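Have a look at the model first, then read on.

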Amino acid sequence: MRRPYHPTYALRPTSNALPKTAPTYVPYRLDGGLYYLTKPKGDIVFMSAWSLALARIIHVVGIVFWIGGVAFVTTIVIPALRRLPSGEERLRLFEAIEGRFSVQARVVTLATGIAGIYMVQGLDAWGRYLDLSFWWFHLMTIVWLVFTLVLFVLEPLFLNRWFKSFAERDSDRAFRLLHRFHVLLLTVSLIAIAGAVAGVRGFLRFG
Ligand code: HEM
């Protein structure tokens, strides 16, 4: 089928010429502040450049606050607490710090998720969930789901109470387990961030 004339077509390579590593959706800034996102099929998705940029800013700033906070708790707070001689003091300080952080983490997780879903819709990128070569896309979403589950469901339901009673029984073991869990979450989150930053630019796409 012949494509209707549009300036975007003059700017982009033909679908067959798209290199394998290129992102599926190629943004072009044209007049009037609109992004024309071209798909290999030839359809065009119109999206305000500003709304997409704003969503990306909220997404990334949120992640800085959130995963930055997780990094601080994992590498500074928990190791410092583990060095305290008194188990009681350790638990009291941990509850004071983690309590404040978990409120912030809940707000930021929500904002990051909403901005992310807005971008998926705006970029019409739902199909990436069916394509394993976008592994960073899946990983990003899994990290979000795990944190959401922990912060909004498991902690209020039983995790906080369970940890408190565990720490009262055996403080050293409880804080060792807590540290390991934080190291695991931080490592997976950092891999997701590295994968996303490279993946958005067309790198690290396997398969
Ligand atoms: C519901 C969960 C999430 C959704 C729906 C989502 C969605 C998105 C989308 C659509 C993009 C833009 C992709 C593109 O431009 O091709 C993006 C970028 C990104 N996301 Fe997420 N995301 C989510 C969670 C996360 C989490 C938990 C992290 C961090 C661990 C994260 C880190 C990033 C980073 C670093 C970028 C790249 C920003 C850039 O360099 O432009 N996302 N995300």
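1. Which helices are among those that cover the buried residues of α3? They include α2, α4 and α5. Do keep in mind that you're looking at a predicted model.

2. The buried residues in question are Arg90, Leu91, Phe94, Ala105, Val108, Thr109, Thr112 and Gly116. Gly116 turns up again at the ligand, as one of the closest residues there.

3. Now check the length of α3. After α3 comes Asp124, which has a positive phi, near 50°.

4. α4 is another story. If straight, a helix of 35 residues would span 51 Å at 1.5 Å a residue, but α4 spans only 41 Å between its end C-alpha atoms. Look at Glu155, where α4 has a kink of about 85°, shortly before the proline Pro156.

5. In α4, the buried residues are Trp136, Phe137, Met140, Val143, Phe147 and Ala167. Their cover includes α3 and α5.

6. Last, the ligand. It has 24 residues around it, the closest being Gly116, Met119, Met140, Trp144 and Ala196. Helices α2 (49-82), α3 (87-122), α4 (135-169) and α5 (171-200) each give at least two residues to this shell. Sorted by class, the shell holds 17 nonpolar, six polar and one charged residues.

Technical notes. Residues numbered from 1 in each chain as written. Predicted model: local features only at pLDDT ≥ 70, side-chain atom pairs only at ≥ 80, totals over all residues. Near = placed C-beta within 6 Å. Helix = DSSP H or I, 4+ residues; strand = E, 2+ residues; numbered from the N terminus. Nonpolar A, V, L, I, M, F, W, Y, C, P; charged D, E, K, R; others polar. Buried ≥ 20, exposed ≤ 12 C-beta atoms within 10 Å, placed from the backbone. Contact = placed C-beta atoms within 7 Å. Expected span 1.5 Å × (residues − 1). Bend = angle between axes of the 7 residues up to and from the residue.
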